[in-house]
Amino acid sequence: MIYNYKYNDLTIEFHYEYEPGEPEIHTYSNGDPGHPGSGPIVTIQKAMLVLADIHNHKVIVDINPLLHEMIDLDLDIVEEEILDYHNL
């Protein structure tokens, strides 16, 4: 799946997997104990960005390895936005 995220004047295209989670089951119909369930999960695989090379040709680059260097970009907030998008 793909989510476009606005970062300053750029648009980062996040490629991710979404798992909706499972609801809690207190007790199964046969009387066996259930399970607590789980919340939804987003796993980001790529963060694609269109940049220009030295000849001003547009290239698409996966900046995922550089995201930890971007101090003002919080991946937790990006993941929350993606979860909110799926819960609409």
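Tyr 18 lies in strand 2, which covers residues 10–19; strands are DSSP runs of E with at least two residues and helices are runs of H or I with at least four, numbered from the N terminus. The model is predicted, so local features need pLDDT of at least 70 and side-chain atom pairs count only at pLDDT 80 or more, while totals for chains, interfaces and linings use all residues. Residues are numbered from 1 along each chain as its sequence is written, and side-chain values use heavy atoms, with hydrogens and water left out.

Tyr 18 counts as buried because its relative accessibility is 18%; buried means under 20% relative accessible area, exposed over 50%, and partly exposed in between, with a 1.4 Å probe and protein chains only. Neighbours within four places in sequence aside, Tyr 18 is in contact with Met 1, Pro 40, Ile 41, Val 42, Leu 83, His 86 and Asn 87, contact being heavy atoms within 4.5 Å. One of these partners, Ile 41, is 23 residues from Tyr 18 in sequence, with 5.9 Å between their C-alpha atoms.

The C-alpha trace spans about 70 × 25 × 20 Å along its principal axes. Of the 88 residues, 22% count as buried.
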